[in-house]
Amino acid sequence: MCKGGTGVNQDIHYNQKIIRYEHGQLHETYDDFVTEFPLTIMINGEEFATVICSPTHLNELILGFLASEGVILKRQELKQIDIDESKGFVHVELTYNVHDRIQLSNKRLVASCCGKSREFYFQNDAAIAKTSMSKIQLHPEQVLIMMHRLQDESETFQATGGLHNAAISDGNAFYIHRQDIGRHNALDKLYGYCIENEISVRDKILIFSGRISSEILIKAAKIGVGMIISKSAPTTLAIQLANDLNITAIGFVRNQHFNIYSHAHRITHPKN
């Protein structure tokens, strides 16, 4: 159950007067900026983490974040979410004693850069990440179409240049797009949407605007998808993890080409 706002209707960016230098001159103009929003998560009355995010789809963000951090293992463990956007707090009630599973004493700041500020990086992630059992297969044209759609729907990024964009799809009819200043947050919103709507993620694909780092690959494994595609490059550790976790990693999806770095059997040869 969710009480309070979900952040869906808040402005994700705003317009402000600036001074621009171009063509040898300084002049006044206006520019768009993304909104940065701190959201402190309280679990059963105790502070757990502060997430720096974009103020949209906050209920999905919280659901996905709690699931990916191992706080909830199933939707039924979450009794209530109460979001107070005016104060930047979300109060979460669980059906179990949270100290039986996690330690809340180490308060964390999850910055929008989503780097190693995540305390659970690799230590707890290994227990939550799933080896994919996905049997999904795609034609190359489907990969290109999904990346093209992601870019077409990224209007706020085109205006500000300050957001990460992500989508989850089955390659055909199902497609959900989310954006956030934090790359992890964008993926958590997608995961939260699937949890809330009881959508199986096993045979789904993540489409992502940024680099496929080891952290992003682990996030994909936590969600449980079998494939991640990006317009950018992967890292060596991400490729290693993708091979180990049976995830198809595809990068440099641009124009009419892309690279497959792991488990290429999920991309079928086009028929002649």
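Predicted model: local features only at pLDDT ≥ 70, side-chain atom pairs only at ≥ 80, totals over all residues.
Residues are numbered from 1 along each chain as its sequence is written, and side-chain values use heavy atoms, with hydrogens and water left out.

**Positive phi values**

Most residues other than glycine have a negative phi.

| Residue | Phi | Relative accessibility |
|---|---|---|
| His23 | about 55 degrees | 77%, exposed |
| Phe252 | near 55 degrees | 28%, partly exposed |

Buried denotes under 20% relative accessible area, exposed over 50%, and partly exposed in between (1.4 Å probe, protein chains only).

**Aromatic rings and charges**

The structure holds 1 aromatic pair. Its rings, those of Phe48 and Phe65, have centres 6.1 Å apart and planes at 55 degrees, so the pair is tilted. Rings of Phe, Tyr and Trp (its six-membered ring) pair if their centres lie within 6.5 Å; planes under 30 degrees apart count as stacked, over 60 as edge-to-face and the rest as tilted. Phe48 in strand E5 (residues 46-53) and Phe65 in helix H1 (residues 58-68) are 17 residues apart, and their pair links distant parts of the chain. Both Phe48 and Phe65 are buried.

Two charged side chains also sit over rings. Arg149 lies over the face of Tyr175, 3.9 Å from the ring centre, and the charged end of Lys204 is over the ring of Phe174, 5.6 Å from its centre. The criterion is NZ of Lys or CZ of Arg within 6 Å of the ring centre and within 35 degrees of the ring normal.

**Strand E11 and its neighbours**

In a regular strand the side chains alternate between the two faces of the sheet. From strand E11 (residues 205-208), Ile205 and Ile207 point one way and Leu206 and Phe208 the other way, and all are buried. E11 runs antiparallel to strand E9 (residues 164-169), joined by 4 bridges (pairing requires at least two DSSP bridges), with Ser169 opposite Ile205. With strand E12 (residues 227-230), E11 pairs in the parallel sense over 4 bridges, and Ile207 stands opposite Ile229.

Methods. Helix = DSSP H or I, 4+ residues; strand = E, 2+ residues; numbered from the N terminus.
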